[in-house]
Amino acid sequence: MRVYVPLTLPALAQAHRAGELGPGPLTAYAVTPGLREWYVSDDIEELEYAALTRAAHGSLRLLAADPEAVRKRVVVAVDIADGAVFADPDRALDPEALGEVRLDAAVPLGRAAAVHVDADGAAADVARAAEALAGAAGGDEDARFVVDGADDHELLWFATQEIEHLLAG
């Protein structure tokens, strides 16, 4: 199963040094039954993109909690055995938890398929979105609009061999 793990650039640097994402438990996003029902599609590429987008929102929450981190969303796509991925059935259709899964153990970085990161041009919008996140969660429609503005930026795809370059640049 492909899962999408939200990170920040400092967390990616830590994972690169350690050779693993973790320690567990880790929150990730995947194509879950709840996400399938919400998205109403059978196209696996569309569903995986929806899971990636959910993970990008998870990265935004991590950025909101770490004001020192570079304002770029980071998502690592990892291939995991189905039995190592746990979804909470009680939260399956909760709009805040769509596609959310838990990985109980650290994941070797060698299992990563790709890394998705914002382009430099997204930093200002991502910074504003991170600042507006609390207001959006509280129902402020203007803040929600600012948070949604980060979604206007597509995450770029990088091979895992490019992690060192991403961290240096």
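Me: Does Lys72 count as buried or exposed?

Reply: In this predicted model, local features need pLDDT of at least 70, side-chain atom pairs count only at pLDDT 80 or more, and totals for chains, interfaces and linings use all residues. The cut-offs are under 20% relative accessible area for buried, over 50% for exposed and partly exposed in between (1.4 Å probe, protein chains only). Lys72 has a relative accessibility of 14%, so this residue counts as buried.

Me: Which side chain does the side chain of Lys72 make a polar contact with?

Reply: Let's start with the place: Lys72 is in the loop between α3 and β4 (74–79), where helices (H or I, at least four residues) and strands (E, at least two) are DSSP runs numbered from the N terminus. A polar contact is a pair of N or O atoms within 3.5 Å; within protein, one must be able to donate a hydrogen and the other to accept it, and residues adjacent in sequence count only if both atoms are side-chain atoms. Beyond four places in sequence, the residues in contact (heavy atoms within 4.5 Å) with Lys72 include Leu9, Ser59, Val117 and Asp118. At 2.4 Å, the polar partner of the Lys72 side chain is the side chain of Asp120.

Me: Why are α3 and α4 described as roughly perpendicular?

Reply: Under the naming used here, angles under 35 degrees are roughly parallel, those over 145 roughly antiparallel, those from 65 to 115 roughly perpendicular, and the rest oblique. Axes are lines fitted to C-alpha atoms, for helices over the stretch in contact, and angles run from 0 to 180 degrees between N-to-C directions. For helix α3 (residues 44–65) and helix α4 (residues 123–137), the axes are 8 Å apart and the packing angle is about 75°. The two helices are therefore roughly perpendicular to each other.

Me: How many nonpolar residues are there in the contact of α3 with α4?

Reply: From α3 come Leu60, Arg61, Leu63 and Ala64, which meet Val126, Ala129, Ala130 and Leu133 of α4. By class (Ala, Val, Leu, Ile, Met, Phe, Trp, Tyr, Cys and Pro are nonpolar; Asp, Glu, Lys and Arg are charged; the others, Gly among them, are polar), there is one charged residue and no polar residue, and the nonpolar residues number seven.

Me: How many residues are in the largest nonpolar core, and how many are in the second, separate core?

Reply: A nonpolar core is a set of buried Ala, Val, Leu, Ile, Met, Phe, Trp, Tyr and Cys residues joined through side-chain atoms within 4.5 Å. In the largest core, Val3, Leu21, Val78, Leu103 and Val115 have the most contacts inside it, and elements supplying at least two residues each include β1, α1, β4 and α6 (163–168). The second core includes Leu60, Val126, Ala129 and Ala130.

Me: What is the relative accessible area of Val147?

Reply: Val147 belongs to helix α5 (residues 141–149). Leaving out residues up to four places away in sequence, it touches Leu60, Ala129, Ala132, Leu133 and Ala136. Val147 is buried, because its relative accessible area is 0%.

Me: What is omega for the peptide bond that joins Gly24 and Pro25?

Reply: In general, most peptide bonds are trans. Pro23 lies in the loop between β2 (20–21) and β3, and the bond from Gly22 to Pro23 is cis, with omega near 10°. Pro25 lies in the loop between β2 and β3. Gly24 and Pro25 are joined by a cis peptide bond, with omega about 0°.

Notes. Residues numbered from 1 in each chain as written. Heavy atoms only, no water.
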